[in-house]
Each structure stands twice: as structure tokens, then as C-alpha cells.
Amino acid sequence: MYDYVVIGAGLSGAVMAERIANVQGKNVLIIEKRRHIGGNTYDRYDENGVLIHQYGPHIFHTKLKQVWDYLSRFTEWRHYHHQVLGSIDGKLVPIPFNLNTLEQLLPARLAGELEEKLVIHFGYGSKVPILKLREAEDRDLRWLADLVYEKVFLHYTTKQWGMTPEELDPNVTGRVPVFVSRDDRYFSDPYQGLPKHGYTQMVENMLDHPNIKLMLNTDYREALSFHLENGSFSLFGQPFDGKVIYTGAIDELFDYKHGRLPYRSLRFEFEGVRKPEYQKTGTVNYPNEYDYTRITEFKHLTGQQHADTTIVREYPQPYEPEVPGRDIPYYPVPRPENQELFKKYWREAQDIDQLVLIGRLAEYKYYDMDACVAKALKVFEQQIDIG
Ligand code: FAD
Ligand code: UDP
């Protein structure tokens, strides 16, 4: 009955199902344990009629024209450039740390000297990861690096991950490099925005095909069995020999046989506010105060006109699968030893011809949305549509 089963209706699963249905004309069953599609990009109107992102603020940004063009088949865009301010020393200053931040935090002469050094050493427009800046040979630049490290990165990262920047893959803090520029935008990609009618609507458009059947509110294990002993599958109790595209957590699929992969979870505290605007930018980061890392006001992102507004505070949490409220694995934890454990599962998965693993959880990779879409398109071309 079904040629393919896709586990998970997030972006990765949605791209695969859409391609299989539209390009190949084959039948797909998507099994999703939540009550909705979209995975972590899911958005909805809250009780006050404000459009919110249920699993944290999502801003789409990419360098990849192919990805932008692909998604543009399913949505129009609201063009939006995200801006983030950081609460530092009682001031709200631009993040990523840039030349404007420098001027706002330090006395004019010192800021001018450091600015000149940054431009000479790295070039105007360059992006320098904080851990790299700390290795600068110049003493003054190292002094600046230590300041930025302490004020912007150390405490935020400790809150977010329960670890210091050094304990994580350098790419984590490298996502928000010091920017030798006066560009206050959080991302500099050529394509940026939000789906005009929301992510959920975009994913709904992707899945709107008679060959795609969707089972919500169903853990895949209720319908699909993976027989670890011989790597085969059955669907509704019958042997299934089509391809299984799995976007859930890889350790869960293998019944944690090599041990659990660590993840980081979050608690979102939403607050409806009875005024049109709460803060000046989409997001304000709080590296050094409070238990939350950031506050996002959705109306800046979505452009919605409304008399009221809704904000969300993000409280990082340890991931504990058995504890409600801590049971969603939002972030893989990029560290070498976790990568080693992941590889044990990955190698085992490669022996199972029927199985295709993609997405943030199945690949245990700190993917942004565009990278998920790019990967799914590539896997479809190289592993699915090869006939
Ligand atoms: P997911 O969205 O996690 O989808 C996986 C799906 O599989 C889920 O719906 C899940 O319920 C389902 N599933 C899991 N296990 C099972 C099971 N046992 N049975 C059935 N179904 C199952 N990216 C950006 O580009 N820009 C941003 O601004 C941005 N902000 C983010 C903010 C936060 C707080 C987080 C956590 C992520 C953010 N991301 C952002 C990343 C983005 O969410 C991901 O790149 C993308 O959503 C991953 O899609 P996915 O389909 O791989 O995974
Ligand atoms: N980061 C930080 N201070 C900030 C912003 C980011 O220390 O003000 C670090 C932190 O470790 C964070 C990482 O940079 O987890 C990546 O930030 P990003 O905003 O990309 O995180 P995400 O939106 O994926 O949660």
C-alpha cells in the first residue's frame, strides 16, 4: 500500500514526502508523534490571536538559492532581517558583537584604537569566532577578546548548555562570530525571511498531495516495528520492504543499545502583553542576568499588526526523556565524545538498505532549517530518485 514510510513531519520529513509524491508519484505514509505537522518550526495563533512559534523563534536564512527557490514553491515570504540586542553592563547593544557594540561599551578613544586593530588584523567585514580571537597575538586584541568572551559568551553558553565554550565544538560559539563591521543584523545571508502565512501553512502546502497520508499523534513504534536482530521492518504487523525515512532520534531507533546520546532541552515561557510592543528588536539576549537566555517578541518576526503582543523566554533545561517539560531533545550537544557515540549508531544504520536517516535528530547535527532542506533534497536525489 505504501512505497515509503516517513517518520516525523518536521521540515526534513516534509521535504522527503513532498519529493517522493510529486517527483516519483509514489505513496508515502508519514507517522508523527505530535498532534501537528512542522516539527520544531510549528507556529500557531495563541489565545490572544498573536502568531507564535511554539518551539522557539525561527528565522529562515540561507546562502543557498536552490533551497530558497524550492521553499518558495510552497510559500510567499515576509522579508525580515533579524536583529538581536544583548543586555550588557546595563545597556542594550548589538549582537553579534560588532564595531557598533564596541563603541557603545567602551570609551571613544579606546574603542577607536581597538577598531583600527581589528580592521588591520582581520579586515573590514570579516567574522572572527570568539575562541579564535582569544588566540590573537596582539595583546590589546586579546584583552578585547577576553572582555567579549566574559560579557557575551561565557555565561550565556553556560546557561544554554551547562558547559563552557571550550567544552563544546568551537562551531557552536562560531555561529555568532565577532563581526568586524557596522552591520547590526544577526544573519548576513542573502536570503532571509519568514513564510508569509507561517511555517505550519508552508509545511501543509508541501504535504498537500493525494499520495501523502499523515498519521498524527502516533509514535512510530505503534505502527512500525524495527527488528533489530535482522534489520527488517514491519508495518501494521505485516513485513514492510519499502524505504523507511527516519527523522527521529537515532539512539531511540536502536533502542539505546550503545547508550543514550545527550541532548539539551528548553522550557518556553510565553507571556501575552497588553500593549502593542514589548521591546525594540525581535530578540534581546541576557547573557549575564536571569535564568533565561533570551526574550523574543514574535510580532517583530512575523510583522503581524495587533493591539497586543506575545513574548517568549527560553529557559535551558537538561534533557530528561521521562520528565514532562524536559522531554524534548531540542539540541544535539556537539562534543567529540558524543560524535563518537553517534557514529556507532550511524555505522550500524548504514548496513540497513531500507533505512534513510535525515534531520537534526537522526543525524545528531546542529542543523539550521536551510541545511535540513538542502540535505533532504540531496538525499532524495542521490538515494531515493535513482531509478
Ligand atoms: P524536527 O523539527 O525535530 O522534526 C522531527 C519530527 O519527528 C518531530 O515532529 C518529532 O515529533 C517527530 N518524531 C520524533 N520521534 C518520533 C517518534 N518516535 N515517532 C513519531 N514521530 C517522531 N533553524 C533556523 O534555520 N533558524 C532559526 O531561527 C532556528 N531557531 C531555532 C530555535 C530553537 C529553539 C530550536 C530548537 C531550533 C531552531 N532552529 C532554527 C533549527 C530548526 O528547528 C531545525 O533545523 C529544523 O526544524 C529541523 O527539522 P527536522 O525535521 O530535522 O527535525
Ligand atoms: N552565544 C552566546 N551569547 C550570545 C549568543 C550566542 O554565548 O549572546 C553562543 C551560545 O553558546 C549559543 C551559540 O552561541 O548556544 C549559538 O547561538 P545561536 O543564537 O545560533 O543559538 P540558537 O539560536 O541555535 O539557539
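I took contact to mean heavy atoms within 4.5 Å. The model I worked from is predicted.

Entry one, the helix pair. I looked up which residues of helix 4 meet helix 6, and found Leu110, Leu114, Lys117, Leu118, His121 and Phe122 on the helix 4 side. Their partners in helix 6 are Asp140, Leu141, Trp143 and Leu144. Sorted by class, this contact has seven nonpolar, one polar and two charged residues. I then checked the axes of helix 4 (residues 108-122) and helix 6 (residues 139-161): they come within 10 Å and cross at roughly 105 degrees. Angles of 65 to 115 degrees count as roughly perpendicular, so helix 4 is roughly perpendicular to helix 6.

Entry two, glutamate 32. I found this residue in the loop between strand 2 (28-31) and strand 3 (43-45). Is glutamate 32 buried or exposed? Its relative accessibility is 7%, so I noted glutamate 32 as buried. Leaving out residues up to four places away in sequence, glutamate 32 touches Gly8, Ala9, Gly10, Met215, Leu216, Asn217 and Thr218. A polar atom of the glutamate 32 side chain lies 2.7 Å from the backbone nitrogen of arginine 34. I also looked up valine 6, which is 26 residues from glutamate 32 along the chain; their C-alpha atoms are separated by 8.6 Å.

I found 32 residues surrounding ligand 1, and Glu32 is among the closest, with Ser12, His58, Glu252 and Met369. A nitrogen atom of ligand 1 lies 2.8 Å from a polar side-chain atom of glutamate 252. I noted an oxygen atom of ligand 1 at 3.0 Å from a polar backbone atom of arginine 360.

Methods: Residues are numbered from 1 along each chain as its sequence is written. Chains are lettered from A and ligands numbered from 1 in the order in which they are written. This is a predicted model: local features need pLDDT of at least 70, side-chain atom pairs count only at pLDDT 80 or more; totals for chains, interfaces and linings use all residues. Side-chain values use heavy atoms; hydrogens and water are left out. Axes are lines fitted to C-alpha atoms, for helices over the stretch in contact, and angles run from 0 to 180 degrees between N-to-C directions. Helices (H or I, at least four residues) and strands (E, at least two) are DSSP runs, numbered from the N terminus. Angles under 35 degrees count as roughly parallel, over 145 as roughly antiparallel, 65 to 115 as roughly perpendicular and the rest as oblique. Ala, Val, Leu, Ile, Met, Phe, Trp, Tyr, Cys and Pro count as nonpolar, Asp, Glu, Lys and Arg as charged, and the others, Gly among them, as polar. Buried means under 20% relative accessible area, exposed over 50%, partly exposed in between (1.4 Å probe, protein chains only). A polar contact is a pair of N or O atoms within 3.5 Å; within protein, one must be able to donate a hydrogen and the other to accept it, and residues adjacent in sequence count only if both atoms are side-chain atoms. A residue is near a molecule or strand if one of its heavy atoms lies within 4 Å of it.
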